[in-house]
Amino acid sequence: MFNRTLDVHAGRAHLAQQGVHVPGIDLSTTYPLHDAAAGTASIDAWANGDGTAQNPVYARLHNPTVAGFEAGLAELEEAETAVAFASGMAATTGLLLSRQGHVVAVRPMYGGTDHLLSSGLLGHEVTWVEADGVAEAIRPDTSLVWIETPANPTLQMVDIAEVVAQAGDVPVVVDNTFATPVLQKPLRLGARFVLHSATKFLGGHGDVLGGVVACSEADAKALRQVRVITGANLHPLAGYLLHRGLQTLTLRVRAAQANALILARRLQNHPGVRVVHYPGLPGTDPKGLVGRQMVGPGCVLAFDVGTMNRARAVMEAVQLATPAVSLGAVDTLIQHPASLTHRVVEDEAKQLGGVTAGLLRLSVGIEELEDLWADLDRALSTLELAAAAK
Ligand SMILES: *Cc1c(COP(=O)(O)O)cnc(C)c1O
C-alpha cells in the first residue's frame with residue numbers, strides 16, 4: 001500500500017466492525033469486573049506485558065484509544081507492534097529501563113537524550129562513540145546501541161545498516177523523530193527498535209506530547225511491563241490526537257520538505273548566512289544516504305549566522321515563523337540550540353555536534369514557500385546582518 005493510503009487507514013481496520021467511523025476516546029480509569037476470574041486472568045496478562053486481554057482492568061495497564069494509535073504507528077514503521085508513552089523522554093526512559101547494562105551511544109543526538117544518558121540517572125554505563133566506533137565499544141554486557149539520524153540539530157546522518165552490522169547481536173535503537181516513517185524505515189535496515197518523540201511530526205500540530213517505540217511483540221512485552229510499573233502512560237486524548245495526526249503525516253512531511261529544500265538553497269546563497277546544514281544540499285551527504293536510507297532530506301534545517309547575538313537577533317526578528325523550541329508542526333519554528341535545546345549538553349559534545357554559537361534550527365512548516373522566505377529574508381536583511389557573516 002502507498003504511504004498516503006496507509007496513513008489514512010492504519011490502525012483503523014476494526015472500526016467498521018464496531019460500527020463507527022473514528023476511534024472512540026475511552027477515558028475510563030477503571031473497568032467493571034463482574035467476572036472476578038476473568039479480571040484476575042486480565043491482570044496476569046497485563047503484568048506479563050501482553051498487548052491484549054479480556055478486560056483493561058485499570059487505565060495504567062491498558063487503554064484502547066492508545067492501543068489504536070500504537071497499532072497505526074506499528075503499521076507505518078512495519079513493526080509487529082508499538083508501545084506508547086507519555087512523552088518522547090518517557091519512551092526513552094522506558095526503553096532504557098527495559099534493558100539494563102552497558103549502552104553504546106552515537107553523538108550527536110537530541111539534548112534531552114544526551115542529558116539522560118550522560119547523567120547516569122537510570123544506572124546505565126554509557127560509552128560515547130562516533131558512528132564508526134560502535135564495534136570497538138561493544139562489550140559482553142552491552143544491551144543497546146543508541147543512534148539518531150538525522151541528528152538534532154545539525155542533521156548529521158548515520159548509516160543505520162552499517163551500525164547494525166557493527167553491533168552484531170546487540171539491538172540497535174534508532175530515534176526516527178526527524179525522518180518519520182515517511183522518509184526512513186529503520187527496521188528494514190536491521191534496527192530492532194524505532195523510537196519517536198510523537199510530540200513532533202506524528203502529532204504534527206504542536207498540541208500533544210507523546211512518545212512511542214515500535215518493535216517486535218517479544219520486545220514490546222518488557223516495554224509494557226515497564227510502563228505498567230512506572231506509570232509513564234500516554235493519555236487517551238493524546239492517543240486520539242496522535243492517531244489522527246498519522247492520517248496526514250505523509251502529506252505534511254512532503255509539503256514541508258518541499259519548502260525546506262528551497263529555503264535551504266536560498267539561505268545558502270544569502271550573504272548573511274555562513275553555512276547551511278541540510279542533507280538535501282550538495283556535498284552534505286557523502287555516503288549517499290538520501291535516496292538509499294532516507295527517501296528525502298526532511299523538513300528540518302540549521303543555519304549559522306556567525307555569532308550568538310546575530311542568531312538571537314534573527315530569532316527575534318521573524319514575524320511569521322514562531323521563535324520556539326520543538327519541531328515537526330504544520331507551522332514553522334525557529335530556535336537557537338546553543339542557548340535552548342542543547343543548553344544541557346556538555347561543551348565537548350556541543351562542539352562535536354556542531355552546536356555553534358551562531359546556529360539556528362529551522363523546523364519548516366507547510367506555509368506557502370514565498371511567505372516563509374519573505375519572513376526569513378526580512379529577518380536577515382533588516383538587521384544588516386549581511387556584512388559581517390562571511
Ligand atoms: C523532542 C525529541 C525527543 C524528546 O521527546 P519529548 O516528546 O519532548 O519528550 C527525543 N528525540 C528527538 C530527536 C526529539 O526531537
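## Ligand contacts

An oxygen atom of the ligand lies 2.8 Å from a polar backbone atom of Met89, in a model that is predicted. Two side chains also make polar contacts, a term for a pair of N or O atoms within 3.5 Å; within protein, one must be able to donate a hydrogen and the other to accept it, and residues adjacent in sequence count only if both atoms are side-chain atoms. In Asp175, a side-chain N or O atom is 2.7 Å from a nitrogen atom of the ligand. In Thr199, a side-chain N or O atom is 2.7 Å from an oxygen atom of the ligand. Of the 380 Å² of accessible area that the ligand has on its own, the protein covers 94% (Shrake-Rupley method with a 1.4 Å probe; for residues, only the protein chains shown count as cover).

## The shell around the ligand

There are 14 residues around the ligand, and those that come nearest are Gly88, Met89, Asp175, Thr199 and Lys200. The shell comprises four nonpolar, seven polar and three charged residues. Here Ala, Val, Leu, Ile, Met, Phe, Trp, Tyr, Cys and Pro count as nonpolar, Asp, Glu, Lys and Arg as charged, and the others, including Gly, as polar.

## Helix α3

Helix α3 covers residues 36-47 (helices are DSSP runs of H or I with at least four residues, strands are runs of E with at least two, and both are numbered from the N terminus). Its 12 residues should span 16 Å at 1.5 Å a residue, and the end C-alpha atoms are 16 Å apart, which agrees. The expected span is 1.5 Å times one less than the number of residues.

Ala38, Gly39, Ser42, Ala45 and Trp46 of α3 are buried (under 20% relative accessible area, with exposed over 50% and partly exposed in between; 1.4 Å probe, protein chains only). Seen down the axis of α3, these buried residues fall within an arc of 125°, so they line one face of the helix. The arc is taken from the directions from the helix axis to the C-beta atoms. On the face turned away from the buried side, α3 carries the exposed residues Ala36 and Ala37.

Ser143 is placed in strand β4 (residues 142-148) and counts as buried at 8% relative accessibility. A polar atom of its side chain lies 2.9 Å from the backbone oxygen of Gln100.

Asn152 is found in the loop between β4 and α8 (160-167), and is buried with a relative accessible area of 1%. Its C-alpha atom is separated by 28 Å from that of Val8, 144 residues apart along the chain.

## Basis of the values

Residues are numbered from 1 along each chain as its sequence is written, and side-chain values use heavy atoms, with hydrogens and water left out. In this predicted model, local features need pLDDT of at least 70 and side-chain atom pairs count only at pLDDT 80 or more, while totals for chains, interfaces and linings use all residues.

How values were computed
A residue is near a molecule or strand if one of its heavy atoms lies within 4 Å of it.
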